[in-house]
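User: Please take a close look at one chain of this model and how it is built and placed. I would like one connected answer.

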Amino acid sequence: MLYRSHVMVCGGTGCTSSGSDNVAAAFVSEIKKAGLDKEVAVIRTGCFGLCELGPVVVIYPEGVFYSKMKPEYVPEIVEEHLLKGRPVTKYLFGETVSEKEIKPLEETTFYKKQMRVALRNCGIIDPEDIEEAIAMGAYEALGKVLTTMTPEQVIDEMKKSGLRGRGGGGFPTGLKWEFAHKQKETPKYVVCNADEGDPGAFMDRSIMEGDPHSVLEGMAIAGYAIGANHGVIYVRAEYPLAVKRLQIAIKQAREYGLLGGNIFGTDFSFDVEIRFGAGAFVCGEETALLNSVMGRRGEPRPRPPYPAVKGLWNKPTIINNVETFANVPAIISNGAAWFSSIGTEKSKGTKVFALTGKVNRTGLIEVPMGTTLRDIIFDIGGGIPDGKRFKAVQIGGPSGGCIPEEHLDTVIDYDSLISLGAMMGSGGLVVMDEDTCMVNVAKFFLEFIVDESCGKCAPCRIGTKRMLEILDKITSGKGEPEDIDRLEKLATTIKDTALCGLGQTAPNAVLSTLRYFRNEYEAHINQKKCPAGVCQALLSYTIIADKCRGCGLCARNCPVNAISGQLKQPFVINQEACIKCGTCFEKCPFGAIVKQ
Amino acid sequence: MEQLYELFGIDRVEEFRAKLEELKKVPGSMISILNEAQEMFGYIPFQVQELISKETGVPLTEIFGIVTFYSRFSIIPAGKYKISLCLGTACYVRGSGQILEKLKENLGINEGETTSDGMFSLEAARCLGACALAPVMMINGEVYGRLTPDEAVKVIQRIKKQDLSQAAAEVE
C-alpha cells in the first residue's frame, strides 16, 4: 500500500525508555480518529541517534524532526500537520527551526559532521519489515558476490577496503577471512559477536535493533568468502528488543530465500542461529566467547591456535563484531575504493560511537575516522552542560583510557588512540567534567575488572585485586607516596603476563589516569585532598559563619550530632566527630556549608 | 523432585522439564537451558541444578561453575520488585554511585541481595543502554531516568505504597 505520509517513531532503547511506545500508540489512534489511517503510516524505526531529545518522531515527506514528544502533543500534530499540512514548529527540534524555513536534519550541528555507513538504515526503515530493508538495497551485495565474484575476489575486496575489526582490537577483517578461507578442514563457522559488554556502549545494540538485515547479510557474505554454511550470533540475553528483531529478520530472510538453502538459486547455503550470552565481560575475548557459545564457562584459552584454525567445535571459525558485519554489504556494493577513500591512512571508513556522560547531546553517532575528539564532543555533542570545564574523555571502555584536554585535537584512528594510552574499543565515549575525580574513575574501572575477571590466570585475578586495594587506600585518605610506584609496577606486570585481552588491558584505566592526572593522585596521597570533591573520606565540611543564619537545620539532620550552636548564631561542625556524610551540605538552604 | 514440586508447583516444573527435553538435544545448549531456568523460576537453586545435571548427564560441579560464572544467573530468589541500578560508566559519571549507597541504606541490603520480606532485590547492572537518561534504574522492566539519590528513594516508597494499597484491595 502507498501512503502519502510516514510518521517515524524511534523505537530504539533510549526513546523507548523515555516513553516512545505511548507516543506511537497515540499517533495510531489519533490518525485513525481523523480518518487518515489509509493515507498515513506509523512506523517504529531504529535509533536516530539523538537520544537526549527522545522520544523522537520524524514525519516524511517533509522530513521534519519532532523532539521530546509526549502523547499530549499528538492530537495537535495530527490535526495541524497531517491534516492541514502545517508542521507544528513549537514541538520541532529548536535547531531546525528558523524564521524563514525548517532546516533539514542533516544541517544541524549534531548531524552535519556525521556520516552514516553502518547506521545507514537506522531510523529510515521499519526493522521488522524485510521489504523496507530490500528497498534500501539490502541483500544486493550478497547477490553480487554470489553471482559475480569468487570467494577469493571477495576477500581481496575486503583487504583492499582496509576495514578493520570494529570490536576493539582493529585486526584487518580481510586478513582474518583469508586465514579461515585457507583452512582445509570443514565445516567452518561464522560467528557474530553481539555481546556488547562495555558499560556505556550501545552501538551494536542499536544496529541490531535498527537494521538487523545488514548484520545477516554481512555474515552470509563472510560465509561465502571462507566457505562456511553456518552462522551464529552470540547476543546478550539482556537485549530483548535486539533479540526479537534479529529473530524476525532471520525468519523473514529465510522466507525470501535470502538465508537457507541455495541462496539466489546458487549452490551456496547459509543459515544463522542465535545463541545467548548471560552477562560476562570476558566473553568479548574471542576464545572465551567460543567457550560460552558451546555452553561452557566463558574462560579464554591461550592463542595460537587462533579461532581461524581451531574455533567453534575445533573447526575453522571467524569472529567479527556487529558493526564490522554491518559495514561489509556497503563495501561490496560501493566498492573497496569508495570505502578506503574515507578515513585516515591506516584506519578506513567510519566508526559508530555512543556519546555519553557529561555532554549536552548524548546519543549515538557515526563519524569518518580522522574526526577529532574536539569535533565530536563540542560540535556534535554540544559541549559540557552547566558551563562546567571539560576534564577528560574516556574511550574504549574498561580496557581503554582517559584522554585529557591537551589531546582533544587528536584525530580518531586505531593507532593514534593507542599512542595516547587508550584504544578504539567498541566505541564508548564517556565525557567527564571538572567534577569527576580521576582516581575515583580509575577505581570504578578496576572494580569492574575485578568483578569480571574470570579467575583463570593469576596476574589478572590477583594483580587487579591488589591494584584495587591500593586505590581504595588512596581514595580513603590512607595513601602513601610509594603507592604510585606500586601501582605502576603491578600494572606493567599484568600487562605483560595476563592470558587474554581483558587482563592485558585491565591496567589501562590506571596507567592512563596516572599519565595525565598524576597530580590528582598526588593530591590524594600527599595533601589528603580530593581536588574534584568526590572522595568522601578526603572531604571536610565547614560552615561559613557569614552565610550561616543559625536555623539549626544542619544540626537537626546530622546523624552523629557533630554540629552544635545556638539558634540565630553561626553553627560549627566538630571535625573529629564528623563522618562526612554530606547531609548538612544537602540540607543547608543558604549554601553556607562548603566541602573541600 | 518432591522438593522442586513444593517450591515451584508441579506445572511449572513439568513445563521446564519439557523444555529441557528439547534443549538438551542441541549441542552446547547449557547456557540456553540455564537462561530458561532463570526466566521460569526467577533464580536457579541447587535443586534445579541437580535436575539439569541428572537430565543432561553434565556433572553438577560443572553446572554450578557455569551458574556462578555469569552475572545473569542467580542462586537466590529475586524480590517481587527487581531493582537494577545502572552502574555503567555514563551513569556512574552522572552519580549512580551515590544512588547505590542511598538505596542500600534505605533497603538495608547490599547489591545482589533481597530484602527479608521478599519485596525488593537490588542488583547493579552494567549498562541498560539508556545512557541518555543517565543515571537510570529499572524496576521490573520499567525505566526511571535522570535520577537523584532522593528521587530513587521516593520511587521505592511509591512502589511500597502502591503495593500495600493493592494488597488491601485484593483482601477486600
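Analyst: In this predicted model, the domain assignment divides chain B into domain 1, residues 2–69, and domain 2, residues 81–171. Between the C-alpha centres of domain 1 of chain B and domain 2 of chain B there are 29 Å.

Chain B also touches chain A: 29 residues of chain B are in contact with 38 residues of chain A. On the chain B side, three helices each supply at least two of the touching residues, namely α3 (30–41), α5 (60–69) and α6 (89–93). The most comes from α3(B), which gives five residues to this side. Sorted by class, the side of chain B that touches chain A holds 17 nonpolar, 10 polar and two charged residues.

The partner, chain A, has a helix pair that can be described in the same way. Helix α6 of chain A covers residues 140–148 and helix α10 of chain A covers residues 212–226. Their axes are 9 Å apart, and the two helices pack at an angle of about 10 degrees. An angle under 35 degrees counts as roughly parallel, so α6(A) and α10(A) are roughly parallel to each other.

The residues that meet can be listed for each helix. From α6(A) they are A:A141, A:L142, A:V145 and A:L146; from α10(A) they are A:E217, A:A220, A:I221 and A:Y224. By class, this contact of α6(A) with α10(A) has seven nonpolar residues, one charged residue and no polar ones.

How values were computed: Residues numbered from 1 in each chain as written. Chains lettered and ligands numbered in written order. Predicted model: local features only at pLDDT ≥ 70, side-chain atom pairs only at ≥ 80, totals over all residues. Axes fitted to C-alpha atoms, helices over the stretch in contact; angles between N-to-C directions. Helix = DSSP H or I, 4+ residues; strand = E, 2+ residues; numbered from the N terminus. Parallel < 35°, antiparallel > 145°, perpendicular 65-115°, else oblique. Contact = placed C-beta atoms within 7 Å. Nonpolar A, V, L, I, M, F, W, Y, C, P; charged D, E, K, R; others polar. Domains from an automatic or database assignment.
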